[in-house]
Amino acid sequence: MPRVISYIIPTLNEAENLPETLVRVASQSGDKEIIVVDGGSEDDTIAIAERAGCSVQESKPGRGSQMNRGAEAARGDILLFLHADTLLPGSASREIEYILKQPNTIAGSFRLDFKHPSSLLALYSKCSSLNNPYFTYGDQGLFLTRKTFNSLGGFKAYPFLEDIEFQLRLRKFGRFVKSKHAVQTSARRFERNGFIKQLLLNIAIIVAYRAGISPIN
């Protein structure tokens with residue numbers, strides 16, 4: 001029997017991107033609930049979510065805290081954490097059900113694609129197919145059962161890297177499967193900072209984390 005999926009979307013001033021994301025979530029098959037957890041938006045984000053019939057929760061800013069708040073409010077058997085500028089593939093709900101039914105599998109994600117890819121972003125997308133926590137970020141749509149999430153105590157309240165830290169704990173307890181299907185996300189960070197600068201920044205953050213420097217320092 002299909003299980004209820006709770007789609008949890010943390011937001012902060014996402015009025016421009018949120019409508020398209022919500023339309024794609026609403027089109028998914030199966031029982032669902034959509035939870036938007038806002039971190040203090042000053043634009044129309046909350047109004048957009050309310051008009052779309054979402055459950056709207058409020059939280060202190062920070063994806064870790066916001067996603068934990070969404071999980072607390074969720075009634076679904078499965079939790080999918082989705083960035084507000086990321087579009088699910090049309091078959092996402094069926095893919096999630098299929099993956100989580102595989103033996104010893106406790107979680108998964110999609111691979112990554114960009115809405116307006118350059119050749120460099122296309123190469124970056126290929127790297128997202130690697131099933132490794134350091135190549136798997138929150139914008140790839142992490143999904144797992146609510147029971148598993150609660151057993152791990154949720155995300156750390158980090159300003160960033162909460163997705164990697166959570167995966168490093170999560171992957172010790174079972175298989176993590178990366179779907180062959182892709183989510184499509186905004187390239188706004190790369191457009192704003194430039195590809196090379198953003199890539200070097202990402203690498204520097206991960207190297208610092210692996211060296212033992214905490215994100216909350």
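Reader: What makes β1 and strand β4 (residues 78–81) a pair?

Author: DSSP must find at least two bridges between two strands for them to pair. β1 and β4 have four bridges, in the parallel sense, so they meet this condition. Within this pair, S6 stands opposite L79 in β4. The model is predicted: local features need pLDDT of at least 70 and side-chain atom pairs pLDDT 80 or more, while totals for chains, interfaces and linings use all residues. Residues are numbered from 1 along each chain as its sequence is written, and side-chain values use heavy atoms, without hydrogens or water.

Reader: Why is Q28 called buried?

Author: Buried means under 20% relative accessible area, exposed over 50%, and partly exposed in between (1.4 Å probe, protein chains only). Q28 has 2% relative accessibility, and therefore counts as buried. Q28 lies in the loop between α1 (18–26; a helix is a DSSP run of H or I, at least four residues) and β2 (32–38). Among the residues that Q28 touches (heavy atoms within 4.5 Å) are Y7 and L88.

Reader: How do you know that β1 is mostly covered?

Author: Seven of the seven residues of β1 are buried. On one side these are I5, Y7, I9 and T11, and on the other S6, I8 and P10.

How values were computed
Helices (H or I, at least four residues) and strands (E, at least two) are DSSP runs, numbered from the N terminus. Lists of a residue's contacts leave out its neighbours within four places in sequence.
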